[in-house]
Amino acid sequence: MSTETVEAPVAKESEALLSKRRKKFITDPLNDDNPITVQVLGICSALAVTTQMKPTMVMALSVIFVMIFSNLIISLLRNAIPGRVRIIVQLAIVATLVTLVNEVLKAYAFDVYKQLSVFIGLIITNCIVMGRLEAFALGNKPYDSVLDGLGSGLGYSWIILVVAFFRELWGSGKVFGYDLMGAIGFENFAANGLMVSPVGAFIVLGFIIWVMRARSGYVEH
Amino acid sequence: MDLLNLGIKSIFIENMVFSYFLGMCSFLAVSKKVSTAFGLGLAVVFVLGITVPMNWLLNEFVLNEGALSWLGADFAEIDLSFLRFIMFIAIIAAMVQLVEMTIEKFSPSLYGSLGIFLPLIAVNCAILGSSLFMAQRDYTIGEATVFGFGSGTGFFLAIIALAAIREKLRYSNVPDGLKGLGITMFITGLMGIAFMSFMGISI
């Protein structure tokens with residue numbers, strides 16, 4: 001580490017594939033800088049799909065895929081894109097990737113595709129994707145951008161998976177369609193209809209935000 | 001009469017914010033003051049009212065299976081519906097740009113107060129979502145127009161109501177961890193419960 005101060009450029013060139021700085025790209029969005037609970041991005045298209053675990057899982061994987069590849073492509077093109085038309089270029093690239101995801105799902109997972117309906121298309125307007133492209137990929141190297149996309153995607157995914165877990169458990173007593181409440185001895189578990197309705201998502205997410213912020217001590221003014 | 005029903009339904013019963021979670025980012029970000037919420041709400045009504053019928057035309061005459069048959073028999077088989085996302089978002093971005101230029105020209109003061117929020121409308125999921133719903137539900141052109149204005153009005157009502165509540169909330173003693181986003185989530189949930197009561201109305 002002490003040589004770094006003497007010959008900084010050399011040390012930079014031989015940076016490890018997963019150096020401390022790069023690990024932070026992945027771990028930061030998981031908690032301290034979470035896209036949903038701290039940056040308030042991407043709440044739009046996510047919550048409506050969280051009534052059950054299975055479609056939520058598909059949604060999470062799709063968002064991670066779109067984030068990694070849009071970050072990579074924008075980062076590779078970052079010196080070629082004129083500043084004035086960058087929004088359109090970003091939208092075009094993201095829309096292309098989302099179309100790809102949509103067609104793959106239509107071909108190989110038609111029942112999940114029908115459940116998600118228009119919400120796959122709404123990944124295009126998911127603010128996390130646009131936000132990371134604007135804030136990170138336009139100014140950083142491709143490999144770093146891929147890690148950043150992966151980190152933000154994972155940070156987003158674990159929140160929506162937790163929301164989906166509680167909503168499916170309380171809303172229908174099941175997890176991934178498996179009757180969990182019945183298996184642990186609550187045969188006559190009364191499903192809570194409020195959890196299946198959109199209201200349940202707001203309230204579960206509100207509690208998650210409360211817990212996370214109480215732990216990290218972050219206060220919004 | 002059907003159109004009136006559809007309008008009421010898209011404003012209250014199937015409100016974009018409370019029953020589909022669309023447009024949440026700007027809904028949460030721009031609802032701190034009633035005046036800015038009012039400006040953004042109006043712009044959303046306007047953009048939705050224009051883009052949904054325009055995307056309907058695009059869908060009907062270019063994208064749907066067999067939509068290109070007006071070009072001649074050779075084109076009757078073509079199905080361009082996989083291009084829907086990219087074409088819809090292009091129309092929306094173009095319309096937002098147009099609205100921005102028009103407002104800048106005719107009302108510089110309104111442009112000044114909206115400034116940053118106008119380009120944000122292009123990535124508001126409520127706009128793209130309405131167009132995708134319109135395509136999915138096979139509306140006619142009249143229904144598409146009413147649906148566009150209706151869902152815009154629904155968003156307008158929701159954001160004004162939330163902004164008014166948040167202005168009052170500034171004087172309340174909220175636990176530290178809940179300040180800002182957390183308590184706003186709970187309030188949105190409670191407003192959602194209130195809007196659910198509209199479901200009982202049969203029209």
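Predicted model: local features only at pLDDT ≥ 70, side-chain atom pairs only at ≥ 80, totals over all residues.
Helices (H or I, at least four residues) and strands (E, at least two) are DSSP runs numbered from the N terminus. For residues 177-201 of chain B, the end C-alpha atoms lie 38 Å apart, with 64% helix and 0% strand.

Both spans carry the UniProt annotation "transmembrane region" from an unreviewed entry, which also covers residues 12-30, 37-58, 111-134 and 146-165 of chain B. Such annotations may be inferred rather than shown by experiment.

## Basis of the values

Residues are numbered from 1 along each chain as its sequence is written, and chains are lettered from A in the order in which they are written. Local features need pLDDT of at least 70, side-chain atom pairs count only at pLDDT 80 or more, totals for chains, interfaces and linings use all residues, and side-chain values use heavy atoms, without hydrogens and water.

## Cavity

The count is one cavity of 30 Å³ or more, with a volume of about 70 Å³ for the largest cavity. A cavity is a set of points on a 1 Å grid over the protein atoms alone where a 1.4 Å probe fits but cannot get out; lining residues have an atom within 4 Å of a point. The volume is the space filled by probe spheres set on the points, which are joined across faces, edges and corners.

The lining includes Pro198(A), Phe12(B), Asn15(B), Phe18(B) and Phe195(B). Helix 1 (2-13), helix 2 (16-20) and helix 10 (181-196) of chain B each give two or more residues to this lining, and helix 10 of chain B gives the most, with three. The lining divides into seven nonpolar, three polar and no charged residues.

## Nonpolar cores

The largest nonpolar core has 112 residues; Leu205(A), Leu22(B), Met24(B), Phe27(B) and Ile121(B) touch the most other members. A nonpolar core joins buried Ala, Val, Leu, Ile, Met, Phe, Trp, Tyr and Cys residues through side-chain atoms within 4.5 Å.

Ser131(B), in helix 8 (residues 125-136) of chain B, is buried (under 20% relative accessible area, 1.4 Å probe, protein chains only), at 0%. Its contacts (heavy atoms within 4.5 Å) include Thr51(B), Asn55(B) and Phe88(B), not counting residues up to four places away in sequence.

Val101(A), in helix 5 (residues 86-108) of chain A, is buried at 9%.

Definitions and conventions
1 Å grid on protein atoms, 1.4 Å probe; cavity = no way out; pocket = protein on both sides within 12 Å on 5 of 7 lines; lining within 4 Å. Nonpolar A, V, L, I, M, F, W, Y, C, P; charged D, E, K, R; others polar. Buried < 20%, exposed > 50% of the residue type's maximum accessible area, 1.4 Å probe, protein only.
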